[in-house]
Amino acid sequence: MSLVDELLADFSPSPSPIQSRSASPELPPTNSEHQHDDNVAFNGVLAELDSTARLMSQLSPLLEQIDRYTETPDSVSGNVEDNPEYKLLVEVNDLAADVTNEVASLHKYIAEKYRPRFPELESLVLNPVEYAKTVKVIGNDISTIKDKQNELAEFLQAAIIMVLAVSALTSSSRPLTDEEFLAANESSELLLFLDSAKRKITQYVSTKLSVFAPNTAALVGSQTAAQLFGAAGGLNGLLKLPACNMPSLGAKRNQTNIGLGNTGIRQQGFLYFCPIIQSTPIDLRRQALRILSGKVALSTRVDLAHTALDGSQGLKMKLEVEEKLEKLGIPPSNKGPKALPAPDDKPSKKRGGKRIRKYKQQFAMTDLRKAQNRMKFGEQDGDYID
């Protein structure tokens, strides 16, 4: 039995030792005994991280309920808001954002604990989950990276593994103490546990939304529909929300849009990142958001009325939105150059009057010119010889 198992066994109420987790821990069973064992296994890390401890206390019973409802068949009757499974759906959907934030905090905590052993790892492996798995595989001896290439190749690229092996040879680091290594190892296991719990919540929400809100899920996708429900507080909250305010759900207030090429779109919330809007050209996304928001409001009413449970109305609305966006994207028809009208050189007609008579007098023929042009009748002109 390793030193880690011995230390964990001291915190365990049962005499049997707790088996150490693998690099990819499985989700905990639904019974309460195994849930308690998991809390005991992470007792050292949870004592230092208060926010993670609070999250784990909320997450454990919810995961039990998810397992219980997953085994039961899907059925919707009566008011959706009164369904206990629907309340669980809204609650775990809100908790998913907290899990994401806690994974980022745990990543910083692991990096702080493991930095003395391998400081270059933090800049080479940026993904929090991959970083935690790498710490689990490498351990306290970074010189064995070449021997563990097969294990690292399951989640890292070959080029990154090669860079890690080279960096380990030239790294100026020191071995971790038993307390530091235990903290890094436990926090890595906890991060992997939270990541697997988040994936389980996402899968559960995506599956159940096709039962509680089939038309909205068919229109904008299960993930976007789950985010909208979580931000608005369920179907009733989304129903009371005006369509013009839906694009602002999930938008970051302090987000700067300068230089992003988004043509001044400020409301970049959950609806902005749905597949329909992202597949639309940037110059048409403002109109696409306005059209799609109205359709989401209609699909929410259809779901609350328990009609079109197969999602047919949502698919129909999606086709209508795509047809409108396709028409907006059609360029105007080219009618060719227009010929200029035929020139009209006739002088414009002018009315008579004192002013026009004076104007004509300026260009009138004088009496001298008239006399010069006059020819005598019946007289023969003389011949002129030079």
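Close-up 1. His-306 is placed in the loop between helix H15 (285-304) and helix H16 (312-328), helices being DSSP runs of H or I with at least four residues, numbered from the N terminus. This is a predicted model, in which local features need pLDDT of at least 70 and side-chain atom pairs count only at pLDDT 80 or more, while totals for chains, interfaces and linings use all residues. Residues are numbered from 1 along each chain as its sequence is written, and side-chain values use heavy atoms, with hydrogens and water left out. Most residues other than glycine have a negative phi. His-306, although not a glycine, has a positive phi of about 60°, and Ala-308, also placed in the loop between H15 and H16, has a positive phi near 55°.

**Close-up 2. The second largest pocket.** About 520 Å³ of space lies in this pocket, the volume being the space filled by probe spheres set on grid points that are joined across faces, edges and corners. A pocket here is an open set of points on a 1 Å grid over the protein atoms alone, where a 1.4 Å probe fits, with protein on both sides within 12 Å along at least five of seven lines, and its lining residues have an atom within 4 Å of a point. The lining of the second largest pocket consists of 18 residues, of which Asn-93, Ala-96, Ala-97, Thr-100 and Gln-227 lie nearest the centre. Helix H5 (84-114), helix H10 (178-212) and helix H12 (222-232) each supply at least two of the lining residues. Ala-96, which lies in helix H5, counts as buried at 14% relative accessibility (buried means under 20% relative accessible area, exposed over 50%, and partly exposed in between, with a 1.4 Å probe and protein chains only).

Close-up 3. The structure holds 7 salt bridges, each defined as a side-chain nitrogen of Lys or Arg within 4 Å of a carboxyl oxygen of Asp or Glu. In one of them, the side chains of Lys-208 and Glu-85 meet at 2.9 Å, N to O. Lys-208 lies in helix H10 and Glu-85 in helix H5, so the pair ties together parts that are 123 residues apart in sequence. Lys-208 is buried at 5% relative accessibility, and Glu-85 is buried at 6%.

Close-up 4. Arg-199 and Asp-195 form a salt bridge of 3.3 Å, N to O, and both lie in helix H10, 4 residues apart, about one turn of the helix. Arg-199 is exposed at 52% relative accessibility, whereas Asp-195 is buried at 17%.
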